[in-house]
Amino acid sequence: MILPDEGHDPLVGPDEESARTALLERFPDGAEGLEAYADILGTKAIEWGLVGPREGDKIWSRHIGNSLALADVLGVGLEVADVGSGAGLPGLPLALARPDLRVTLVEPLLRRATFLSEAVEDLGLHGRVTVERARAEEFRRRFDVVVCRAVAPLERLLKWTTPLFQPAGELIALKGLTAEREVAEAQRAMARMGLDAEILELRTAPEVEPTRAIRVKAV
């Protein structure tokens, strides 16, 4: 297990350091990979404009911690699509913490898809994580679960992703404070599609801020 005593960044605040320690203890088998990915997010992802320059001191407490909130709600050995993956959130943290998952990162923009391909190579995830440069609504494949973070309002997201997880799969979208409003706005669309939604209250560890997600599946 990697602990934050030797070589940790003295400029990282206590909240970030406590989140890092908690997450590495929570997922010891993925600790080395999560450390490497955090380094990628804090350097290359910022240089490429995929993470804001002011987010460098929130890599663990916000980005990785938020993504790993989904680790406990995904079944074992599933095929997972991360739609609009961007810098690899939440797909790459999930793949690193849950080696039983097979993850496809779906990203339409060339620059981001290139970043993801290089990250998968650097993290040694070939064979279990693939990158597809495609728009979700144009991608033709079925998955057990579709996950996403900060992509689009739920009603629009359903138009793009429903073919990827129906009839037996589900969508789990990290949403935070907008969850109830987005579910209410999407009610008619979900009724037409035979879908139902629930709001999940999630927390990876006590040291990491809680978050929320919307889970959508067939009635």
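1. R212 counts as buried because its relative accessibility is 13%, where buried means under 20% relative accessible area, exposed over 50% and partly exposed in between, with a 1.4 Å probe and protein chains only. The residue belongs to strand β7, which covers residues 211–218. Once neighbours within four places in sequence are set aside, the contacts of R212 include A173, L174, K175, G176, L177, A179 and E180, as well as I199, L200 and E201; contact means heavy atoms within 4.5 Å.

2. This is a predicted model, in which local features need pLDDT of at least 70 and side-chain atom pairs count only at pLDDT 80 or more, while totals for chains, interfaces and linings use all residues. Residues are numbered from 1 along each chain as its sequence is written, and side-chain values use heavy atoms, with hydrogens and water left out.

3. The chain holds 9 helices and 7 strands, these being DSSP runs numbered from the N terminus (helices H or I, at least four residues; strands E, at least two). Of its 219 residues, 52% are buried, and of the contacts between residues at least 6 apart in sequence, 66% join residues at least 24 apart.

4. The radius of gyration of the chain is 17 Å, which agrees with the value near 17 Å that a compact globule of 219 residues would have; the radius is taken over C-alpha atoms, and the globule rule is 2.2 Å times the number of residues to the power 0.38. Along the principal axes, the C-alpha atoms fill a box of roughly 55 × 35 × 30 Å.
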